[in-house]
Amino acid sequence: MKKFKNVDKFFKGKKFIKVPAYFCCFNKTFSNLFATVTDLKGNVVFNVSTGNLFKKRTIKKVKCSPNTAILLGRLLGFKLKLNKIFFIILKFKSKPNNFIFKNVLKGVFSVYKKLKIVCYFSAVREAHNGCRGSKKRRL
């Protein structure tokens, strides 16, 4: 895996500027969505989840809907703005082509338009030959 340095260099005019970047790790479960922002050393800056948005929820299927993803993105953008984080590296712990992550990014950019995404990558584990898949979940 590629090792990241503590600062990234960005070109502005005729000079390179050193700017600190942060990881934003997205983890999606069946009924919840987590977003954790860490620095490059792995220290947690803050954590946001859809479970914290609604205190009284009876239906678990609704928690991870596109509307709640947009609300989570707005909260994430507001916290990024408060901590003055301008550059971010996205890390997905589930499939990144999911529509929920697109809605989270829509919510973030609706609040915080100065945010720059340096790069993104997926940290999904791929099964090698001989691994048995997980048991299918009944709904």
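**Close-up views of a predicted protein chain**

Among contacts in the protein chain between residues at least 6 apart in sequence, where a contact means heavy atoms within 4.5 Å, 63% join residues at least 24 apart. This is a predicted model, in which local features need pLDDT of at least 70 and side-chain atom pairs count only at pLDDT 80 or more, while totals for chains, interfaces and linings use all residues. Residues are numbered from 1 along each chain as its sequence is written, and side-chain values use heavy atoms, with hydrogens and water left out.

**View 1. The order of helices and strands in the protein chain.** The protein chain holds 2 helices and 6 strands, which are DSSP runs numbered from the N terminus (helices: H or I, at least four residues; strands: E, at least two). Read from the N terminus on, these elements follow the order β-β-β-β-α-β-α-β. Of the 139 residues in the protein chain, 32% count as buried, a term that stands for under 20% relative accessible area, whereas exposed stands for over 50% and partly exposed for values in between (1.4 Å probe, protein chains only).

**View 2. The aromatic pair of F23 and F121.** A search of the whole structure finds 5 aromatic pairs; rings of Phe, Tyr and Trp (its six-membered ring) pair if their centres lie within 6.5 Å, and planes under 30 degrees apart count as stacked, over 60 as edge-to-face and the rest as tilted. In the pair shown here, the ring centres of F23 and F121 are 6.3 Å apart and the planes stand at 85°, so the pair is edge-to-face. The pair links distant parts of the chain, since F23 belongs to strand 2 (residues 15-28) and F121 to strand 6 (residues 116-122), 98 residues apart. F23 has a relative accessibility of 12% and therefore counts as buried.

**View 3. The aromatic pair of F26 and F92.** The ring centres of F26 and F92 lie 5.7 Å apart with their planes at 20°, so this pair is stacked. Here too distant parts of the chain are linked, with F26 in strand 2 and F92 in strand 5, 66 residues apart. Both F26 and F92 are buried, and together with F101 they form one aromatic cluster.

**View 4. K84 in a loop.** K84 sits in the loop between helix 1 (66-82) and strand 5 (87-92). The phi of K84 is near 55°, a positive value in a residue other than glycine. Most residues other than glycine have a negative phi. With a relative accessible area of 64%, K84 is exposed.
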